[in-house]
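Hi,

Here is the structure I promised to send over. Have a look at it first, and my notes on what turned up follow below.

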Amino acid sequence: MQRFFDLLFSSIAIVVFSPLLFIICILLLMTGEHEIFYLQKRMGRNEKLFNVIKFATMLKKSESMKGGAVTTKNDPRVLPVGKFLRKTKINELPQLFNIWIGNMSIVGPRPLTEKQYNNYSKEQRLVISKLTPGLTGIGSIIFRDEEDVMARSGMDYNEIHDTLIANYKGDLECWFYENHSLRIYFKIIILTAIAVFNSKLKVLNRFKNLPQPEGLLKDLLN
């Protein structure tokens, strides 16, 4: 049933957003690096790599520059138009085609690079590998302001991302695996839509038995 709704919603969204997608394509051709799409290998279900599709928002070969795969607040590698696309999450819209193809779902763990994926523990990877990556998910809405969380931590961005954040996200995705249902599927979609317009939306108390952050992360997320 989830695949049915993935196909239905992604098809409708592609049609509805097609004028916006066209405008963004023209805008990106005229600005920045003059590239429209950014393809990157990400870890999919059963640990099979696939190309995730995004609008190009950063300098070419940005992963080989300082910061690596982690994007920080006010990251100098992000292009001017890219800042707007990332803030509004419009840069994620091309992933509707990933959903339509079938290597992504609307709801699931965010698809990560192989290096980021390996920050999960072995036990977490065993569970998460059984899930289809999603455009949004429980980890995505709780860490929708991840760059701000890292900035306020006072820690090195890569350190907090690869340890505290990765471990807690892994726990969240394992919770999703154990509890996922059509009710949770629709609830996450609705909360994601609300979070776009309400950046202060609190999500941690809206799901039963959700793993709770501890220590520094608890302070940063509450």
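Let me start with the second largest pocket, which has a volume of about 330 Å³. On terms: working on a 1 Å grid over the protein atoms alone, a pocket is an open set of points with protein on both sides within 12 Å along at least five of seven lines, a cavity is a set where a 1.4 Å probe fits but cannot get out, and lining residues have an atom within 4 Å of a point. Points are joined across faces, edges and corners, and the volume is the space filled by probe spheres set on them.

This is a predicted model, so local features need pLDDT of at least 70 and side-chain atom pairs count only at pLDDT 80 or more, while totals for chains, interfaces and linings use all residues. Residues are numbered from 1 along each chain as its sequence is written, and side-chain values use heavy atoms, with hydrogens and water left out.

Back to that pocket: 19 residues line it, and Ile142, Arg144, Leu201, Lys202 and Leu221 lie nearest its centre. Helix H6 (138-142), helix H7 (146-153) and helix H10 (215-221) are the elements that give two or more residues to the lining, and H7 supplies the largest share, four residues. (Helices are DSSP runs of H or I with at least four residues, strands are runs of E with at least two, and both are numbered from the N terminus.) The lining is made up of nine nonpolar, three polar and seven charged residues. Here Ala, Val, Leu, Ile, Met, Phe, Trp, Tyr, Cys and Pro count as nonpolar, Asp, Glu, Lys and Arg as charged, and the others, Gly among them, as polar.

The whole structure has four of them. In one, arginine 86 pairs with glutamate 147 at 3.7 Å, N to O. Arginine 86 sits in helix H2 (residues 80-88) and glutamate 147 in helix H7, so this pair ties together parts 61 residues apart in sequence.

Another joins glutamate 146 and lysine 169, with the closest N and O atoms 2.5 Å apart. Glutamate 146 is in helix H7 and lysine 169 in helix H8 (residues 157-179), so parts 23 residues apart in sequence are tied together. Are these two residues buried or exposed? Glutamate 146 is buried because its relative accessible area is 15%, and lysine 169 is buried at 17%; buried means under 20%, exposed over 50%, and partly exposed in between (1.4 Å probe, protein chains only).

Glutamate 92 and arginine 110 also form a salt bridge, at 3.0 Å, N to O. Arginine 110 shows up again in the lining of the largest cavity, along with residues including Met43, Tyr117 and Pro133. That cavity has a volume of about 80 Å³, and its lining has nine nonpolar, two polar and one charged residues.

Finally, what is on the surface? Met1, Phe4, Leu8, Ile12, Val16, Phe17 and Leu182 form a nonpolar patch with about 650 Å² of accessible area together. Five of these residues, the largest share, come from helix H1 (residues 2-30), while methionine 1 lies in the segment before H1. Patch residues have over 30% relative accessible area and no salt bridge; like charges are joined within 9 Å and nonpolar side chains (Val, Leu, Ile, Met, Phe, Trp, Tyr) within 5 Å. Areas come from the Shrake-Rupley method with a 1.4 Å probe, and for residues only the protein chains shown count as cover.

Cheers

Note on methods: Salt bridge = Lys/Arg side-chain N within 4 Å of Asp/Glu carboxyl O.
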